[in-house]
Amino acid sequence: MQKDSIYAEPLAQIQDFCFDATVAEVFPDMIQRSVPGYQTIIQTIGKLTAKYQQDNSNYYDLGCSLGAASLAMRRQLSDSQSKIVAIDNSPAMVERCQRHLQSFRSEVPVEVLMADIRDVDINNAAVVVSNFTLQFLPKQHRDELVQRIYQGLKPGGIFILSEKFVQNDAQTHELLIDLHHDFKRANGYSELEISQKRTALENVMRPDTIEEHQQRFSNAGFGSSTVWFQCFNFCSMVAIKTQAEAAYA
């Protein structure tokens, strides 16, 4: 695993963060050292997939990066009539994702697409995953995407959403940021790295509150949702399209 040192030296000009080849090369190290509980989230995506799998279904990984969530799903599936669709708009991520998924032999096919997740048709889905992806979309596009996810889910299907979030209360917001920065320091990031990456992300990552996510689920039609994981200012949520909702719709 190559160490993330992208922001280790002073930069004369800090460009907006993007998922290019440089980031793709160090991404496993970057995400493990930056996102608390990441491995727990990935493992639980696999467990939730096992619990909510349906025959002859599609499984979507929206913003798949290197394919960790896709691989977690694939390990739990055995129905060769089902399919995983992994989507990312970064050529570097897609290329590496294809290689990573080939390392695990399975009867379940995986289609890796280089595309904008806003342009991909979602249908016949048992599980849809968006793992730290929605936060990079313009806010005005998030409602429509979640509505399309709801419409594309089969009855009994689930949407797993992992995100960094913000607090409405300024004091607790700053507390969670401080705790997250302590986490990054403990994982070897310097003050310079923390500061420069925060600047790089300012214009491209706009997190919502947990309440905004819950309201978005409700507006889309989900009658049941919960936060199943939280550590500092990171969380993962699951929204369920119940049989009753589908019948009513």
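Q: Ser218 first. What does Ser218 count as at 44% relative accessibility?
A: Ser218 counts as partly exposed, because its relative accessibility of 44% falls between the 20% and 50% cut-offs. Keep in mind that this is a predicted model.

Q: Which helix is Ser218 in?
A: Ser218 sits in helix 8, which runs over residues 210–220.

Q: OK, which residues of helix 8 are buried?
A: Ile210, His213, Arg216, Phe217 and Ala220. They cover an arc of only 120° around the axis, so they lie on the same side of helix 8.

Q: Why would residues three or four places apart point the same way?
A: An α-helix has 3.6 residues a turn, so residues with that spacing point the same way.

Q: What covers the buried residues of helix 8?
A: The cover includes helix 5 (139–152) and strand 5 (153–164). Strand 6 (224–231) and strand 7 (234–240) are also part of it.

Q: What follows helix 8?
A: Gly221, with a positive phi near 125°.

Q: Which residues other than glycine have a positive phi?
A: Asn56 is one of them, with phi near 50°. Ser65 is another, with phi of about 45°. For background, most residues other than glycine have a negative phi.

Q: Where does Asn56 lie?
A: Asn56 is in the loop between helix 2 (38–52) and strand 1 (58–62). At 44% relative accessibility, Asn56 counts as partly exposed.

Q: And Ser65, buried or exposed?
A: Ser65 is buried: its relative accessible area is 12%, and the cut-off for buried is under 20%. Ser65 belongs to the loop between strand 1 and helix 3 (68–74).

Q: Switching to strand 7. Where does Val238 stand, buried or exposed?
A: Val238, which lies in strand 7, is buried, with a relative accessible area of 10%.

Q: What does Val238 touch?
A: Leaving out residues up to four places away in sequence, Val238 touches Ile158, Phe159 and Ile160, along with Ser224, Ser225, Thr226 and Trp228.

Q: How far apart are Val238 and Glu211?
A: The separation is 14 Å between C-alpha atoms, and the two are 27 residues apart along the chain.

Q: Now the whole chain. How many helices and strands?
A: Nine helices and seven strands. The radius of gyration is 18 Å, close to the 18 Å from the globule rule for 249 residues, so the chain is as compact as a globular protein of that length.

Q: What does the C-alpha trace span?
A: About 55 × 40 × 30 Å along the principal axes.

Q: How much of the chain is buried?
A: Buried residues are 49% of the 249. The accessible surface comes to about 11,800 Å², and 47% of that belongs to carbon and sulfur atoms.

Q: What share of the contacts comes from residues 24 or more positions apart?
A: 78%, counting contacts in the chain with a separation of 6 or more.

Q: Last one, charges. How far apart are the mean positions of the positive and negative charges?
A: They are 4 Å apart, for 23 positive and 30 negative charges.

Conventions
Residues numbered from 1 in each chain as written. Predicted model: local features only at pLDDT ≥ 70, side-chain atom pairs only at ≥ 80, totals over all residues. Heavy atoms only, no water. Helix = DSSP H or I, 4+ residues; strand = E, 2+ residues; numbered from the N terminus. Rg over C-alpha atoms; globule rule 2.2 N^0.38 Å. Buried < 20%, exposed > 50% of the residue type's maximum accessible area, 1.4 Å probe, protein only. Contact = heavy atoms within 4.5 Å. Areas by Shrake-Rupley, 256 points an atom, 1.4 Å probe, with all protein chains shown as cover. Lys, Arg positive; Asp, Glu negative; His and termini not counted. Charge placed at Lys NZ, Arg CZ, Asp CG, Glu CD. Arc of directions from axis to C-beta.
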